[in-house]
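Me: I'm new to this structure and would like a close look at just one part of it. Could you pick a helix and walk me through how it sits among its surroundings?

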Amino acid sequence: MLNSQPRCDQDGCLGFCIAHATSCLAHAGSEDRKIALRHFSKGGRLDVRNVTISESCFKEILDSAPRNPEGYAIFSAAQFQGSIFESNAKFRETIFRGANFNGTCFRRSAEFSLARLQGVA
């Protein structure tokens, strides 16, 4: 079955659109990005497949992540397949539940110290 989710409308971008928008998270307008990150912060899905994630975009994602009582960021159903992290990706003290990093490129460092993998990650 082919994925019917639309791709970003920006020239040269292969990222998948965020819900109810015509662009991926990196190219979405500020209001659409806020809505998508608010949904994620409430335990919703994060889909940044094939998105080039800048330092500021990564900070927004990490700051929006829901937290457990110990303060760990929680990524449930997070789809990073094919994403490119342009800066350091520090997932310290992060819980991954169903995260997918297949084909992800880390142009700088990737840190997963004290991260916890739960379920399929």
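Reply: Let's take helix α1, residues 30–41: it has 12 residues and reaches 16 Å from its first C-alpha to its last, close to the 16 Å expected at 1.5 Å a residue. That expected span is 1.5 Å times one less than the number of residues. Helices here are DSSP runs of H or I with at least four residues, strands are runs of E with at least two, and both are numbered from the N terminus.

Before going on, keep in mind that this is a predicted model, where local features need pLDDT of at least 70, side-chain atom pairs count only at pLDDT 80 or more, and totals for chains, interfaces and linings use all residues. Residues are numbered from 1 along each chain as its sequence is written, and side-chain values use heavy atoms, leaving out hydrogens and water.

Now, which way does α1 face? R33, A36, L37 and F40 are buried in it (under 20% relative accessible area, with a 1.4 Å probe and protein chains only). Seen down the axis of α1, these buried residues fall within an arc of 95°, so they line one face of the helix; the arc is that of the directions from the axis to the C-beta atoms.

What covers them includes β1 (46–47), α2 (55–64) and β3 (73–76). On the F40 side of the story, F75 is in contact with F40, and also with L46 and I61, among others (contact means heavy atoms within 4.5 Å). Just after α1, G43 takes a positive phi of about 95°.

Methods:
Buried means under 20% relative accessible area, exposed over 50%, partly exposed in between (1.4 Å probe, protein chains only). Lists of a residue's contacts leave out its neighbours within four places in sequence.
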